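Hi,

Here is the structure I said I would pass on. Have a look at it first, and then read on for what turned up.

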Amino acid sequence: MVGLPARGKSFISQKIRRYLSWLSVPTESFTQSSFRKKRAESLKFMDDELFDPLNEKGKKLRLLSHQDCMGAILNWFSNHQSGVAIYDGANITRDIRKKIKETLSSSDVQTLFLESYCDDESKVRANIQDINQTSPDYMDKTVEYTLADLKKKIRFYDSFYEPMNVEYEGDCTFIKVLNLSSEILINRIESYLQSRIVYYVMNLHVKPRYIWLSRHGESQYNLEGKIGGDADLSERGWKYARRLKDMAEKYIPNHGSLHVWTSTLTRTQQTASFLPYPKKTWKALDELDAGSCDGLTYEEIAERFPEDFKARDDNKFEYRYPGGESYRDVITRLEPIIMELENQENVLVITHQAVLRCIYAYFMNVHQEESPWMSIPLHTLIRLEIRAYDTLVTRIKADIPAVSTYKEKGTSKLGETRDNSKILAGDVISTGKS
Ligand code: G3H
């Protein structure tokens, strides 16, 4: 990363780390300031001295923390055959960038610089507010403190900032994000992974917003314990579809501009049928394809295909149904949905259990081994509040009874004996019994 403080570098780093990890690319982020803090503690260094341009000790401390950070990155690469290490720091001089590139290249690591350049004061101010509310460095400090501290750092760094440009660094691969995504410059993008990162950064949204998720209402297949298929809603499922309209009006603040996305399957479209908002149907939102097990109950699968049944329990993320899909396959086809969701505001996605687990895992950073086992109950509207440094979850229960479609590991019976819903963090709002 390259850029002055309060330019959204940590935000972009965290988003890229989450996106690439979700796509199963080993990714780790290394924050230079955490190395600096460790060094400062051990050297009993005062914060105030650090950004004083005339202070030699401060200069030394910054150099040491840079070396620590690079050391940790190289160490990480020595334990990973491939992957992405993000150096989340200012790296604002050409000299330091040259050194980074040379060091990494001698270890056979490609360098992509991502500069966040922002001279729009209102965006910098908004980012400082976000940092104050959500960054671990400032959460316990007042806005005034954060503002004064960051302004001091910005002034200091600005005195020797050399923004990236083709004239001086034409041989480097870089992405330059201007004013937090209103314009992007790219130079020497040479690999598929680099181009995915460019595309992702182009879609990034820094404004806090909500994304709304729901499973379809209970279906006839759900009542029979069957997976897959293209069944109609049950009577209770239709009740949820009607309730969803009221819930949208009550809980979605700007529902007048809401867009509803569904899969191509009947049960999601029926669930959306009372919602008076523009709708879009995505094949990519269809349920995980159970292949030759489509239309069977888990008990039937355990009886007819015992080896497959066990293999899926053993590694649910990777297991692919014969002629069907695995969770990994679902993630691959969901990538365009994630890109669109990053770009949009105010969308309600009505889809299926496995697909919602994958979408939720992306926004909440749930590990791939855990995500296929998450409990996402029927008849619940999920609100994701996307903020700069984290996502808050609220579950709004319609309180319309429905069967459980959850199967625990090691059994073919449906139902939850453990409270798996804890993985779905956040507050729960109950709309009252019906
Ligand atoms: O097969 C359809 C289910 O919604 C996916 O659930 O992965 O827990 O079996 P499962």
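**Aromatic pairs and rings**

This is a predicted model, and it holds 13 aromatic pairs. One of them brings together Tyr 19 and Tyr 200, which are stacked, with 4.1 Å centre to centre and 5° between the planes. Tyr 19 belongs to helix H1 (residues 9-22) and Tyr 200 to helix H9 (residues 192-203), so this pair ties together parts that are 181 residues apart in sequence. Are these two buried or exposed? Tyr 19 has a relative accessibility of 1%, so it counts as buried. Tyr 200 is buried as well, with a relative accessible area of 0%.

Another pair to look up is Tyr 362 with Phe 363. Their ring centres are 4.8 Å apart and their planes stand at 80°, so this pair is edge-to-face. Both Tyr 362 and Phe 363 are buried, and together with Trp 22 they form one aromatic cluster.

Two lysines also sit over rings. Lys 316 lies over the face of Trp 373, at 4.1 Å from the ring centre. The charged end of Lys 407 is over the ring of Tyr 298, 6.0 Å from its centre.

On to the empty space. Rolling a probe the size of a water molecule over the atoms shows where such space is left.

The largest pocket holds about 820 Å³ of space. What lines it? There are 34 lining residues, and Ser 33, Arg 36, Asp 137, Tyr 138 and Lys 153 are the ones nearest the centre of the pocket. The elements that give two or more residues to this lining are H1, helix H2 (32-42), helix H3 (47-50), helix H6 (121-134) and helix H7 (143-158). By class, the lining of the largest pocket has 13 nonpolar, 10 polar and 11 charged residues.

The second largest pocket has about 690 Å³ of space and is lined by 31 residues. Nearest its centre you will find Phe 77, Val 84, Ala 85, Gln 110 and Leu 112. At least two lining residues each come from helix H4 (56-78), strand E2 (84-88), helix H5 (94-106), strand E3 (112-117) and H9. H4 gives the most to this lining, with five residues. Here the classes divide into 19 nonpolar, 11 polar and one charged.

Last, have a look at strand E4 (residues 173-178). Six of its six residues are buried, so E4 is largely enclosed by the rest of the structure. In a regular strand the side chains alternate between the two faces of the sheet. In E4 both faces are covered: Thr 173, Ile 175 and Val 177 are buried on one side, and Phe 174, Lys 176 and Leu 178 are buried on the other.

Which strands does E4 pair with? E3 and E4 run parallel and are joined by six bridges, and Leu 114 has Ile 175 in E4 as its bridge partner. E4 and strand E5 (residues 183-187) run antiparallel, with five bridges between them; there, Phe 174 stands opposite Asn 187 in E5. E4 and E5 form a hairpin with four residues between them. In the turn of that hairpin, Asn 179 has a positive phi of about 45°.

Happy browsing!

Conventions:
Residues are numbered from 1 along each chain as its sequence is written. This is a predicted model: local features need pLDDT of at least 70, side-chain atom pairs count only at pLDDT 80 or more; totals for chains, interfaces and linings use all residues. Side-chain values use heavy atoms; hydrogens and water are left out. Rings of Phe, Tyr and Trp (its six-membered ring) pair if their centres lie within 6.5 Å; planes under 30 degrees apart count as stacked, over 60 as edge-to-face and the rest as tilted. Buried means under 20% relative accessible area, exposed over 50%, partly exposed in between (1.4 Å probe, protein chains only). A charge sits over a ring if NZ of Lys or CZ of Arg is within 6 Å of the ring centre and within 35 degrees of the ring normal. On a 1 Å grid over the protein atoms alone, a cavity is a set of points where a 1.4 Å probe fits but cannot get out, and a pocket is an open set with protein on both sides within 12 Å along at least five of seven lines; lining residues have an atom within 4 Å of a point. Grid points are joined across faces, edges and corners, and a volume is the space filled by probe spheres set on the points. Ala, Val, Leu, Ile, Met, Phe, Trp, Tyr, Cys and Pro count as nonpolar, Asp, Glu, Lys and Arg as charged, and the others, Gly among them, as polar. Two strands pair if DSSP finds at least two bridges between them.
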